[in-house]
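This report concerns charged side chains and their surroundings. The structure is shown first, and the description follows.

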Amino acid sequence: MGTGPSAKKPGARSKLKKYKRKTWLCRRAKDTDQIQDEIEKSVETGNAIKFDYDDDLPGGGQFYCVETGKHFVNAKALADHKKSRYYKRRCKELKEEKYTQSEAEWASGMTKEVLPPAHSKK
């Protein structure tokens with residue numbers, strides 16, 4: 001019942017865990033294995049990854065970076081992005097092999113390793 005504004009002060013939500021999780025998820029980039037799958041599919045089919053014109057996407061969806069999975073407003077912004085440190089790091093990550101489920105199980109020790117018998121009969 002005051003006369004002041006009912007909204008919180010700017011930056012008051014910065015320490016709330018729920019707010020941080022929500023904002024992080026909406027800006028999250030694609031994972032490297034998802035991008036590697038897209039690249040493999042485009043190589044198998046022989047078609048480049050293209051988008052139809054869409055008003056909701058930046059630049060109508062015509063300027064897309066496959067390696068990072070981002071849309072850009074124009075060709076200059078895309079060219080500047082391809083000179084950035086983020087782009088170069090992402091390209092280096094994509095050159096590595098995919099991390100498979102069998103490797104994950106091996107690392108956690110879930111697989112049973114077949115060893116030769118310790119005391120073999122002669």
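A residue is called buried under 20% relative accessible area, exposed over 50%, and partly exposed in between (1.4 Å probe, protein chains only). By this scale lysine 76 is exposed, with a relative accessible area of 58%. The model is predicted: local features need pLDDT of at least 70, side-chain atom pairs count only at pLDDT 80 or more, and totals for chains, interfaces and linings use all residues. Residues are numbered from 1 along each chain as its sequence is written, and side-chain values use heavy atoms, with hydrogens and water left out.

Side chains of opposite charge can pair when their charged atoms come close. A salt bridge is a side-chain nitrogen of Lys or Arg within 4 Å of a carboxyl oxygen of Asp or Glu. The whole structure holds four salt bridges, among them the following.

| Salt bridge | N to O distance |
|---|---|
| Lysine 30 and glutamate 38 | 2.4 Å |
| Lysine 98 and aspartate 37 | 2.2 Å |
| Lysine 76 and aspartate 80 | 3.1 Å |

Lysine 76 and aspartate 80 both lie in helix H3 (residues 75-81), four residues apart, about one turn of the helix. Helices are DSSP runs (H or I, at least four residues), numbered from the N terminus. Aspartate 80 is partly exposed at 39% relative accessibility.

Asp37, Glu40 and Lys98 are joined in a network of salt bridges. Lysine 98 is partly exposed at 27% relative accessibility, as is aspartate 37 at 32%.

Glutamine 36 belongs to helix H2 (residues 32-45) and is buried, with a relative accessible area of 9%.

Note on methods:
Helices (H or I, at least four residues) and strands (E, at least two) are DSSP runs, numbered from the N terminus.
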